[in-house]
Amino acid sequence: MTFENFFEIMTKKPVFFRIFILCNKKTIKVLKFKVSDVIIVVDKQISEKIFNNKRERFFMSMYEEKTARTEWFRNDRFGMFIHWGIYSIPARGEWVRSPEKMSVEEYQKYFDAFDPKYYDPKKWAKIAKNAGMKYAVMTAKHHDGFCLFDSKLTDYKATNTPAGRDLIKEYVEAFRAEGIKVGIYYSLIDWHHDDYPHYGDAIHPMRENEEWKDYKHNFSNYIEYMHGQVRELMTNYGKIDIMWFDFSYDEMRDEKWEATKLVKMIRSINPDIIIDDRLSMAVSNGNMSFDYDTAPYYTGDFKSPEQVIPVNGLKDAKGRAIPWEACITLNNNWGYVPQKTGYKKSKDVIRMLVECVSKNGNMILNVGPNAKGEIPKESIKILEEIGEWMHENDESIYGCGQAVGFDKPEWGRYTMNGKKLYAHVFDRGISSIMLDGLKGKVKSARLLSDYSEMQFSEPFFSKNNPTAIYLNIPEGLPDEKDTVVEFELN
Ligand code: GLC
(Lines give C-alpha, C1' and ligand atoms only; values in the text may rest on other atoms or scores of the structure.)
Protein backbone atom coordinates (compact mmCIF):
# COMPACT_ATOMS: atom_id res chain seq x y z
CA MET A 1 0.00 0.00 0.00
CA THR A 2 1.31 3.43 -0.87
CA PHE A 3 0.68 6.51 1.18
CA GLU A 4 -1.73 7.78 -1.48
CA ASN A 5 -3.82 4.56 -1.37
CA PHE A 6 -3.89 4.65 2.35
CA PHE A 7 -4.92 8.28 2.37
CA GLU A 8 -7.64 7.62 -0.18
CA ILE A 9 -9.10 4.65 1.69
CA MET A 10 -9.21 6.61 4.88
CA THR A 11 -10.96 9.55 3.31
CA LYS A 12 -13.61 7.47 1.52
CA LYS A 13 -15.24 5.95 4.58
CA PRO A 14 -18.89 7.05 4.43
CA VAL A 15 -20.17 7.77 7.90
CA PHE A 16 -17.25 7.75 10.18
CA PHE A 17 -13.88 8.78 9.10
CA ARG A 18 -10.96 7.33 10.84
CA ILE A 19 -8.80 10.28 11.03
CA PHE A 20 -5.17 9.64 11.48
CA ILE A 21 -3.44 12.48 13.05
CA LEU A 22 0.24 12.04 12.71
CA CYS A 23 1.50 13.69 15.79
CA ASN A 24 5.21 14.20 15.69
CA LYS A 25 5.39 11.05 13.58
CA LYS A 26 5.86 8.61 16.43
CA THR A 27 2.28 7.86 17.41
CA ILE A 28 -0.85 7.62 15.43
CA LYS A 29 -3.93 8.65 17.24
CA VAL A 30 -7.00 7.07 15.72
CA LEU A 31 -10.09 9.07 16.38
CA LYS A 32 -13.65 8.78 15.13
CA PHE A 33 -15.25 11.85 13.67
CA LYS A 34 -18.59 12.54 12.03
CA VAL A 35 -18.73 13.25 8.28
CA SER A 36 -19.18 16.89 8.93
CA ASP A 37 -15.93 17.09 10.81
CA VAL A 38 -12.79 18.25 9.21
CA ILE A 39 -10.04 15.90 8.23
CA ILE A 40 -6.81 16.88 9.79
CA VAL A 41 -3.55 15.48 8.65
CA VAL A 42 -0.81 17.30 10.41
CA ASP A 43 2.11 17.83 8.15
CA LYS A 44 1.18 15.56 5.30
CA GLN A 45 4.58 16.02 3.75
CA ILE A 46 6.37 14.61 6.76
CA SER A 47 3.96 11.72 7.16
CA GLU A 48 4.28 10.87 3.50
CA LYS A 49 8.04 10.84 3.68
CA ILE A 50 8.07 8.61 6.72
CA PHE A 51 5.40 6.35 5.33
CA ASN A 52 7.19 5.79 2.06
CA ASN A 53 10.57 5.56 3.63
CA LYS A 54 9.88 2.98 6.30
CA ARG A 55 6.30 1.86 5.85
CA GLU A 56 6.46 -0.67 8.64
CA ARG A 57 7.50 2.04 11.07
CA PHE A 58 4.15 3.65 10.59
CA PHE A 59 2.53 1.33 13.08
CA MET A 60 5.42 0.92 15.46
CA SER A 61 5.65 1.94 19.08
CA MET A 62 8.44 4.33 19.92
CA TYR A 63 10.49 1.50 21.42
CA GLU A 64 10.10 -0.59 18.28
CA GLU A 65 10.92 2.38 16.13
CA LYS A 66 14.13 3.09 18.04
CA THR A 67 15.03 -0.58 17.84
CA ALA A 68 14.54 -0.55 14.07
CA ARG A 69 16.35 2.71 13.54
CA THR A 70 19.40 1.61 15.53
CA GLU A 71 19.74 -1.75 13.84
CA TRP A 72 22.95 -0.91 11.97
CA PHE A 73 24.32 0.88 15.00
CA ARG A 74 23.76 -2.10 17.30
CA ASN A 75 25.32 -4.32 14.69
CA ASP A 76 28.44 -2.20 14.15
CA ARG A 77 29.33 -1.77 17.82
CA PHE A 78 32.59 0.17 17.43
CA GLY A 79 33.13 3.79 16.44
CA MET A 80 35.68 6.60 16.45
CA PHE A 81 35.04 9.86 18.32
CA ILE A 82 37.04 12.86 17.13
CA HIS A 83 37.44 15.94 19.33
CA TRP A 84 39.15 18.64 17.37
CA GLY A 85 39.10 22.41 17.31
CA ILE A 86 41.18 25.49 18.06
CA TYR A 87 41.58 24.19 21.63
CA SER A 88 44.22 21.83 20.21
CA ILE A 89 46.60 24.85 20.28
CA PRO A 90 46.49 25.64 24.01
CA ALA A 91 46.39 21.83 24.29
CA ARG A 92 44.94 21.80 27.77
CA GLY A 93 41.70 20.08 26.87
CA GLU A 94 38.57 21.24 25.03
CA TRP A 95 37.21 22.84 28.19
CA VAL A 96 40.28 25.08 28.58
CA ARG A 97 38.29 28.32 28.60
CA SER A 98 36.06 27.24 31.46
CA PRO A 99 38.51 26.33 34.26
CA GLU A 100 40.82 29.19 33.21
CA LYS A 101 37.88 31.62 32.93
CA MET A 102 39.30 32.75 29.62
CA SER A 103 37.42 35.43 27.67
CA VAL A 104 36.57 35.22 23.96
CA GLU A 105 39.16 37.95 23.38
CA GLU A 106 41.92 36.02 25.14
CA TYR A 107 40.99 32.91 23.19
CA GLN A 108 41.08 34.77 19.85
CA LYS A 109 44.80 34.14 19.34
CA TYR A 110 44.10 30.46 18.82
CA PHE A 111 41.48 31.24 16.18
CA ASP A 112 44.00 33.47 14.39
CA ALA A 113 46.67 30.76 14.52
CA PHE A 114 44.62 27.70 13.53
CA ASP A 115 46.50 26.30 10.55
CA PRO A 116 46.39 22.49 10.54
CA LYS A 117 48.76 21.89 7.65
CA TYR A 118 48.63 18.10 7.89
CA TYR A 119 44.86 17.78 8.17
CA ASP A 120 44.01 14.87 5.92
CA PRO A 121 40.84 13.13 7.05
CA LYS A 122 41.48 10.39 4.47
CA LYS A 123 44.33 9.30 6.73
CA TRP A 124 42.10 9.42 9.78
CA ALA A 125 39.46 7.38 7.99
CA LYS A 126 42.04 4.72 7.11
CA ILE A 127 43.22 4.59 10.72
CA ALA A 128 39.61 4.15 11.87
CA LYS A 129 38.89 1.51 9.27
CA ASN A 130 42.01 -0.49 10.06
CA ALA A 131 41.07 -0.45 13.73
CA GLY A 132 37.74 -2.05 12.82
CA MET A 133 35.68 1.06 13.53
CA LYS A 134 32.46 1.22 11.53
CA TYR A 135 31.27 4.72 12.30
CA ALA A 136 32.70 8.04 13.41
CA VAL A 137 31.49 11.17 15.15
CA MET A 138 33.38 14.45 14.85
CA THR A 139 32.92 17.74 16.71
CA ALA A 140 31.41 20.29 14.32
CA LYS A 141 31.14 22.76 17.20
CA HIS A 142 32.27 22.26 20.78
CA HIS A 143 31.36 24.29 23.89
CA ASP A 144 33.78 27.06 22.83
CA GLY A 145 31.39 27.79 19.94
CA PHE A 146 34.06 27.50 17.27
CA CYS A 147 32.71 25.86 14.12
CA LEU A 148 34.77 23.52 11.98
CA PHE A 149 32.06 23.83 9.34
CA ASP A 150 31.16 26.66 7.01
CA SER A 151 28.08 28.02 8.76
CA LYS A 152 26.33 30.97 7.17
CA LEU A 153 25.17 32.01 10.63
CA THR A 154 28.53 32.94 12.16
CA ASP A 155 31.98 34.24 11.32
CA TYR A 156 33.45 32.12 14.08
CA LYS A 157 34.36 29.26 11.81
CA ALA A 158 37.27 27.42 10.22
CA THR A 159 36.86 29.16 6.87
CA ASN A 160 37.91 32.43 8.54
CA THR A 161 41.01 30.96 10.18
CA PRO A 162 44.26 30.28 8.29
CA ALA A 163 42.80 26.78 7.66
CA GLY A 164 40.50 28.58 5.24
CA ARG A 165 38.10 25.76 4.43
CA ASP A 166 35.17 23.66 5.61
CA LEU A 167 36.86 20.92 7.61
CA ILE A 168 33.65 19.01 8.31
CA LYS A 169 32.92 18.66 4.61
CA GLU A 170 36.31 17.00 4.10
CA TYR A 171 35.76 14.71 7.08
CA VAL A 172 32.33 13.59 5.90
CA GLU A 173 33.59 12.86 2.39
CA ALA A 174 36.72 11.03 3.50
CA PHE A 175 35.00 8.76 6.01
CA ARG A 176 32.12 7.98 3.68
CA ALA A 177 34.62 7.03 0.98
CA GLU A 178 36.01 4.38 3.36
CA GLY A 179 32.51 3.02 3.99
CA ILE A 180 32.40 4.45 7.51
CA LYS A 181 29.11 5.90 8.72
CA VAL A 182 29.36 9.57 9.63
CA GLY A 183 28.16 11.35 12.72
CA ILE A 184 28.28 14.95 13.84
CA TYR A 185 28.84 16.11 17.41
CA TYR A 186 27.22 19.47 18.10
CA SER A 187 27.47 21.33 21.40
CA LEU A 188 24.20 22.72 22.73
CA ILE A 189 26.32 24.88 24.98
CA ASP A 190 28.02 27.86 23.36
CA TRP A 191 30.57 30.02 25.16
CA HIS A 192 31.03 32.32 22.20
CA HIS A 193 27.46 33.37 21.47
CA ASP A 194 26.41 36.57 23.26
CA ASP A 195 22.90 35.29 23.87
CA TYR A 196 24.00 32.18 25.73
CA PRO A 197 23.78 32.81 29.52
CA HIS A 198 27.14 33.93 30.92
CA TYR A 199 27.12 35.31 34.46
CA GLY A 200 25.80 32.91 37.08
CA ASP A 201 25.86 29.91 34.73
CA ALA A 202 27.44 26.80 36.26
CA ILE A 203 30.24 26.34 33.74
CA HIS A 204 30.49 29.36 31.43
CA PRO A 205 33.99 30.90 31.38
CA MET A 206 32.39 34.27 32.26
CA ARG A 207 30.27 32.85 35.09
CA GLU A 208 31.90 35.12 37.66
CA ASN A 209 32.68 38.08 35.46
CA GLU A 210 30.75 41.08 36.75
CA GLU A 211 30.84 42.75 33.35
CA TRP A 212 28.25 40.24 32.22
CA LYS A 213 26.10 40.57 35.30
CA ASP A 214 23.46 42.86 33.89
CA TYR A 215 23.75 41.77 30.30
CA LYS A 216 20.31 41.01 28.85
CA HIS A 217 20.55 37.80 26.90
CA ASN A 218 18.02 37.08 24.26
CA PHE A 219 18.02 33.31 24.62
CA SER A 220 15.49 32.75 21.84
CA ASN A 221 18.01 34.37 19.57
CA TYR A 222 20.50 31.71 20.58
CA ILE A 223 17.92 28.95 20.06
CA GLU A 224 17.24 30.25 16.58
CA TYR A 225 20.97 30.24 15.86
CA MET A 226 21.45 26.75 17.26
CA HIS A 227 18.48 25.31 15.36
CA GLY A 228 19.68 27.08 12.24
CA GLN A 229 23.14 25.56 12.51
CA VAL A 230 21.71 22.09 13.05
CA ARG A 231 19.59 22.59 9.93
CA GLU A 232 22.74 23.54 8.01
CA LEU A 233 24.49 20.40 9.22
CA MET A 234 21.50 18.30 8.24
CA THR A 235 21.21 19.77 4.76
CA ASN A 236 24.69 20.60 3.52
CA TYR A 237 26.58 17.33 3.96
CA GLY A 238 24.40 14.59 2.53
CA LYS A 239 22.95 11.93 4.78
CA ILE A 240 24.34 12.16 8.29
CA ASP A 241 24.02 8.93 10.24
CA ILE A 242 24.32 10.16 13.84
CA MET A 243 23.57 13.45 15.54
CA TRP A 244 25.46 13.63 18.81
CA PHE A 245 24.27 16.54 20.98
CA ASP A 246 26.22 17.57 24.07
CA PHE A 247 25.00 18.31 26.79
CA SER A 248 22.24 19.25 29.25
CA TYR A 249 22.71 20.49 32.81
CA ASP A 250 20.72 22.35 35.48
CA GLU A 251 17.75 24.03 33.82
CA MET A 252 19.54 23.96 30.46
CA ARG A 253 17.79 20.85 29.23
CA ASP A 254 14.81 19.38 27.39
CA GLU A 255 12.43 22.06 26.09
CA LYS A 256 14.82 24.83 27.09
CA TRP A 257 16.57 23.72 23.87
CA GLU A 258 13.13 23.55 22.16
CA ALA A 259 14.00 19.91 21.83
CA THR A 260 10.75 18.64 20.31
CA LYS A 261 10.87 21.25 17.58
CA LEU A 262 14.56 20.59 16.98
CA VAL A 263 14.17 16.82 16.64
CA LYS A 264 11.09 17.23 14.43
CA MET A 265 13.10 19.43 12.12
CA ILE A 266 15.99 16.94 12.03
CA ARG A 267 13.70 14.00 11.33
CA SER A 268 11.79 15.88 8.64
CA ILE A 269 15.10 16.15 6.78
CA ASN A 270 16.55 12.82 7.77
CA PRO A 271 14.03 10.36 9.25
CA ASP A 272 16.61 7.60 9.76
CA ILE A 273 19.20 9.58 11.68
CA ILE A 274 20.17 8.26 15.11
CA ILE A 275 20.20 10.91 17.83
CA ASP A 276 21.88 10.62 21.24
CA ASP A 277 20.21 11.31 24.59
CA ARG A 278 21.85 14.53 25.72
CA LEU A 279 19.03 16.90 24.89
CA SER A 280 17.91 15.62 28.27
CA MET A 281 20.07 14.97 31.26
CA ALA A 282 22.29 12.01 30.48
CA VAL A 283 21.97 9.04 32.81
CA SER A 284 25.11 7.04 32.58
CA ASN A 285 25.12 4.01 34.76
CA GLY A 286 21.65 2.94 35.76
CA ASN A 287 18.42 1.80 34.21
CA MET A 288 15.89 4.31 32.99
CA SER A 289 12.96 5.28 35.14
CA PHE A 290 10.89 5.91 32.02
CA ASP A 291 9.19 3.70 29.50
CA TYR A 292 10.59 4.18 26.00
CA ASP A 293 7.09 4.21 24.52
CA THR A 294 5.79 7.11 26.58
CA ALA A 295 9.00 9.12 26.95
CA PRO A 296 9.18 12.57 25.30
CA TYR A 297 9.49 12.69 21.54
CA TYR A 298 13.08 13.91 21.66
CA THR A 299 14.25 11.03 23.88
CA GLY A 300 17.52 9.74 22.49
CA ASP A 301 17.78 6.66 20.31
CA PHE A 302 20.66 5.58 22.49
CA LYS A 303 22.09 6.39 25.91
CA SER A 304 25.59 7.81 26.13
CA PRO A 305 27.35 6.76 29.33
CA GLU A 306 30.61 8.70 29.55
CA GLN A 307 33.87 7.10 30.71
CA VAL A 308 31.93 4.29 32.33
CA ILE A 309 30.47 0.95 31.28
CA PRO A 310 27.09 0.31 32.89
CA VAL A 311 27.22 -2.61 35.29
CA ASN A 312 24.44 -4.60 33.66
CA GLY A 313 23.83 -2.84 30.38
CA LEU A 314 20.82 -0.49 30.25
CA LYS A 315 17.10 -1.14 30.31
CA ASP A 316 13.98 1.01 30.24
CA ALA A 317 11.27 0.96 32.91
CA LYS A 318 9.64 -2.04 31.26
CA GLY A 319 12.90 -3.97 31.54
CA ARG A 320 13.61 -3.84 27.81
CA ALA A 321 17.23 -3.55 26.69
CA ILE A 322 17.88 -0.14 25.15
CA PRO A 323 20.75 0.80 22.86
CA TRP A 324 23.70 2.51 24.48
CA GLU A 325 27.18 3.60 23.61
CA ALA A 326 30.00 4.12 26.11
CA CYS A 327 32.21 7.02 25.07
CA ILE A 328 35.76 6.46 26.22
CA THR A 329 39.00 8.43 25.87
CA LEU A 330 42.32 6.86 24.93
CA ASN A 331 44.17 9.01 27.45
CA ASN A 332 42.58 11.30 30.04
CA ASN A 333 41.28 13.98 27.69
CA TRP A 334 38.92 14.44 24.77
CA GLY A 335 40.79 17.31 23.14
CA TYR A 336 44.50 17.12 22.34
CA VAL A 337 47.07 17.26 25.14
CA PRO A 338 50.79 16.79 24.47
CA GLN A 339 51.47 14.56 27.50
CA LYS A 340 52.64 11.11 26.49
CA THR A 341 51.35 9.56 29.68
CA GLY A 342 47.95 8.31 30.72
CA TYR A 343 47.25 6.27 27.59
CA LYS A 344 45.31 3.05 27.97
CA LYS A 345 46.80 -0.21 26.78
CA SER A 346 45.28 -1.78 23.68
CA LYS A 347 44.56 -4.89 25.74
CA ASP A 348 42.41 -2.86 28.14
CA VAL A 349 40.60 -1.09 25.34
CA ILE A 350 39.83 -4.40 23.60
CA ARG A 351 38.45 -5.79 26.83
CA MET A 352 36.32 -2.67 27.29
CA LEU A 353 34.87 -3.13 23.82
CA VAL A 354 34.14 -6.78 24.58
CA GLU A 355 32.53 -5.80 27.86
CA CYS A 356 30.26 -3.29 26.09
CA VAL A 357 29.18 -5.86 23.50
CA SER A 358 28.63 -8.51 26.18
CA LYS A 359 26.08 -6.10 27.69
CA ASN A 360 24.41 -5.13 24.40
CA GLY A 361 26.30 -1.87 24.11
CA ASN A 362 28.60 -0.02 21.71
CA MET A 363 31.88 1.73 22.34
CA ILE A 364 33.02 4.96 20.71
CA LEU A 365 36.71 5.54 21.28
CA ASN A 366 38.12 9.05 21.18
CA VAL A 367 41.09 10.56 19.41
CA GLY A 368 42.14 14.18 19.90
CA PRO A 369 44.16 15.32 16.88
CA ASN A 370 46.77 18.05 17.40
CA ALA A 371 46.89 21.56 15.97
CA LYS A 372 48.70 20.33 12.87
CA GLY A 373 45.81 17.99 12.17
CA GLU A 374 47.46 14.75 13.19
CA ILE A 375 46.18 11.99 15.44
CA PRO A 376 48.82 11.51 18.18
CA LYS A 377 51.28 8.70 17.49
CA GLU A 378 50.42 7.06 20.79
CA SER A 379 46.77 6.80 19.74
CA ILE A 380 47.66 5.46 16.31
CA LYS A 381 49.74 2.71 17.87
CA ILE A 382 46.91 1.60 20.16
CA LEU A 383 44.45 1.69 17.28
CA GLU A 384 46.79 -0.45 15.16
CA GLU A 385 47.00 -3.05 17.89
CA ILE A 386 43.24 -3.05 18.27
CA GLY A 387 43.04 -3.45 14.49
CA GLU A 388 45.26 -6.54 14.58
CA TRP A 389 43.01 -8.11 17.17
CA MET A 390 39.87 -7.10 15.25
CA HIS A 391 41.27 -8.58 12.07
CA GLU A 392 41.34 -11.95 13.80
CA ASN A 393 38.33 -11.67 16.03
CA ASP A 394 35.79 -9.17 14.69
CA GLU A 395 33.12 -11.85 14.23
CA SER A 396 32.85 -11.90 18.01
CA ILE A 397 32.02 -8.15 17.96
CA TYR A 398 29.95 -7.19 14.89
CA GLY A 399 26.36 -8.34 15.09
CA CYS A 400 26.96 -9.67 18.58
CA GLY A 401 25.34 -8.92 21.90
CA GLN A 402 24.67 -10.38 25.28
CA ALA A 403 24.80 -14.19 25.53
CA VAL A 404 21.38 -14.62 27.03
CA GLY A 405 21.23 -17.57 29.41
CA PHE A 406 24.94 -17.52 30.14
CA ASP A 407 26.24 -15.71 33.20
CA LYS A 408 29.50 -13.83 33.09
CA PRO A 409 32.17 -16.53 33.44
CA GLU A 410 35.05 -16.29 35.85
CA TRP A 411 37.70 -16.38 33.11
CA GLY A 412 36.39 -13.58 30.90
CA ARG A 413 33.22 -12.74 29.01
CA TYR A 414 30.77 -14.09 26.48
CA THR A 415 29.33 -12.45 23.40
CA MET A 416 26.80 -14.08 21.10
CA ASN A 417 25.39 -13.91 17.60
CA GLY A 418 22.56 -16.36 16.92
CA LYS A 419 23.93 -19.86 17.38
CA LYS A 420 27.51 -18.65 17.67
CA LEU A 421 28.73 -18.23 21.19
CA TYR A 422 32.07 -16.48 21.68
CA ALA A 423 34.14 -17.14 24.77
CA HIS A 424 36.55 -14.26 25.37
CA VAL A 425 39.21 -15.79 27.58
CA PHE A 426 41.13 -13.16 29.54
CA ASP A 427 42.43 -15.40 32.27
CA ARG A 428 43.58 -18.91 31.63
CA GLY A 429 43.52 -20.09 35.23
CA ILE A 430 45.42 -23.23 36.15
CA SER A 431 43.84 -26.01 34.12
CA SER A 432 41.26 -26.49 31.40
CA ILE A 433 38.58 -23.84 31.21
CA MET A 434 35.18 -24.73 32.55
CA LEU A 435 32.11 -23.62 30.60
CA ASP A 436 29.07 -24.25 32.66
CA GLY A 437 25.73 -25.13 31.09
CA LEU A 438 27.21 -26.11 27.74
CA LYS A 439 27.24 -29.89 28.08
CA GLY A 440 25.47 -31.43 25.08
CA LYS A 441 24.92 -28.05 23.45
CA VAL A 442 28.09 -27.61 21.43
CA LYS A 443 28.50 -28.78 17.86
CA SER A 444 32.03 -27.52 17.32
CA ALA A 445 34.63 -25.21 18.78
CA ARG A 446 37.43 -23.33 17.07
CA LEU A 447 39.98 -20.67 17.84
CA LEU A 448 38.55 -17.60 16.16
CA SER A 449 41.91 -16.11 15.21
CA ASP A 450 42.83 -18.94 12.80
CA TYR A 451 39.81 -21.29 12.74
CA SER A 452 41.86 -24.12 14.20
CA GLU A 453 39.93 -26.79 16.02
CA MET A 454 39.75 -26.69 19.81
CA GLN A 455 39.53 -29.79 21.95
CA PHE A 456 37.82 -30.65 25.18
CA SER A 457 39.01 -32.67 28.11
CA GLU A 458 37.35 -34.61 30.89
CA PRO A 459 39.28 -33.82 34.03
CA PHE A 460 38.71 -36.14 37.02
CA PHE A 461 36.61 -33.47 38.76
CA SER A 462 34.23 -33.10 35.79
CA LYS A 463 31.84 -35.59 37.44
CA ASN A 464 31.11 -32.94 40.03
CA ASN A 465 29.57 -30.70 37.44
CA PRO A 466 27.62 -32.68 34.87
CA THR A 467 26.37 -29.60 32.97
CA ALA A 468 29.83 -28.22 32.23
CA ILE A 469 32.34 -28.81 29.45
CA TYR A 470 36.08 -28.29 29.79
CA LEU A 471 38.11 -26.64 27.10
CA ASN A 472 41.78 -27.36 26.56
CA ILE A 473 43.85 -24.29 26.02
CA PRO A 474 47.53 -24.67 25.19
CA GLU A 475 50.25 -23.48 27.53
CA GLY A 476 49.74 -19.79 28.13
CA LEU A 477 47.08 -18.08 26.07
CA PRO A 478 47.35 -17.80 22.29
CA ASP A 479 46.44 -14.11 22.62
CA GLU A 480 47.01 -12.58 26.01
CA LYS A 481 44.87 -9.54 25.09
CA ASP A 482 41.80 -11.71 24.57
CA THR A 483 41.75 -15.26 23.18
CA VAL A 484 38.43 -15.89 21.50
CA VAL A 485 36.94 -19.35 21.09
CA GLU A 486 33.89 -19.71 18.89
CA PHE A 487 31.32 -22.35 19.78
CA GLU A 488 28.72 -23.40 17.34
CA LEU A 489 25.69 -24.37 19.36
CA ASN A 490 23.21 -27.09 18.39
C1 GLC B 1 31.39 15.96 27.99
C2 GLC B 1 32.32 17.09 27.83
C3 GLC B 1 32.96 17.11 26.58
C4 GLC B 1 33.06 15.90 25.74
C5 GLC B 1 31.95 14.96 25.92
C6 GLC B 1 32.12 13.63 25.29
O7 GLC B 1 30.15 16.18 28.31
O8 GLC B 1 31.75 18.33 28.12
O9 GLC B 1 34.05 17.93 26.53
O10 GLC B 1 32.91 16.36 24.47
O11 GLC B 1 31.50 14.87 27.16
O12 GLC B 1 31.23 12.72 25.76
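This is a predicted model: local features need pLDDT of at least 70, side-chain atom pairs count only at pLDDT 80 or more; totals for chains, interfaces and linings use all residues.
Me: In what order do the strands of the seven-stranded open sheet lie, and which are the edge strands?
Reply: The pairing in this open sheet of seven strands is parallel, and the order is β7-β6-β5-β4-β3-β9-β8. An edge strand here pairs on one side only, and that applies to the strands at 274-275 and 325-329. The edge strands are therefore β7 and β8.

Me: Which residue of β9 is the bridge partner of M80?
Reply: Strand β3 covers residues 78-82 and strand β9 covers residues 362-367. The two run parallel and are joined by five bridges. In β9, the partner of M80 is L365.

Me: What is the phi of R77, and where is R77 placed?
Reply: R77 is not a glycine, yet its phi is positive, at about 65 degrees. Its place is the loop between α4 (71-76) and β3.

Me: Which peptide bond is cis, and what is its omega?
Reply: Strand β6 spans 242-246, and F247 lies in the loop between β6 and α9 (259-269). The cis peptide bond joins D246 and F247, with omega about -20 degrees.

Me: How far is a polar side-chain atom of D246 from an oxygen atom of the ligand?
Reply: D246 is one of the two residues joined by the cis peptide bond. A polar atom of the D246 side chain also lies by a ligand oxygen atom, at a distance of 3.3 Å.

Me: Which residues come nearest to the ligand, and at what distance are the side chains of H143 and E306 from a ligand oxygen atom?
Reply: There are 14 residues around the ligand, and H83, E94, W95, H143 and E306 come nearest. For H143, an N or O atom of the side chain is 2.8 Å from an oxygen atom of the ligand. For E306, the corresponding distance is 2.8 Å.

Me: How much of the ligand's accessible area does the protein cover, and how does the shell divide by residue type?
Reply: On its own the ligand has 310 Å² of accessible area, of which the protein covers 94%. The shell residues divide into seven nonpolar, three polar and four charged.

Me: Which residue of β11 pairs with R413 in the five-stranded sheet?
Reply: This open sheet has the order β10-β11-β17-β13-β14 with antiparallel pairing. Its edge strands are β10 (412-417) and β14 (452-453). Six bridges join β10 to β11, residues 420-425. The bridge partner of R413 in β11 is H424.

Me: Which helix packs on this sheet, and what angle does its direction make with that of β10?
Reply: The helix spans residues 346-358 and touches β10 and β11. It is α10, and the angle is about 55 degrees.

Terms used:
Residues are numbered from 1 along each chain as its sequence is written. Side-chain values use heavy atoms; hydrogens and water are left out. Helices (H or I, at least four residues) and strands (E, at least two) are DSSP runs, numbered from the N terminus. Contact means heavy atoms within 4.5 Å. Axes are lines fitted to C-alpha atoms, for helices over the stretch in contact, and angles run from 0 to 180 degrees between N-to-C directions. A residue is near a molecule or strand if one of its heavy atoms lies within 4 Å of it. A polar contact is a pair of N or O atoms within 3.5 Å; within protein, one must be able to donate a hydrogen and the other to accept it, and residues adjacent in sequence count only if both atoms are side-chain atoms. Accessible areas come from the Shrake-Rupley method with a 1.4 Å probe; for residues, only the protein chains shown count as cover. Ala, Val, Leu, Ile, Met, Phe, Trp, Tyr, Cys and Pro count as nonpolar, Asp, Glu, Lys and Arg as charged, and the others, Gly among them, as polar.
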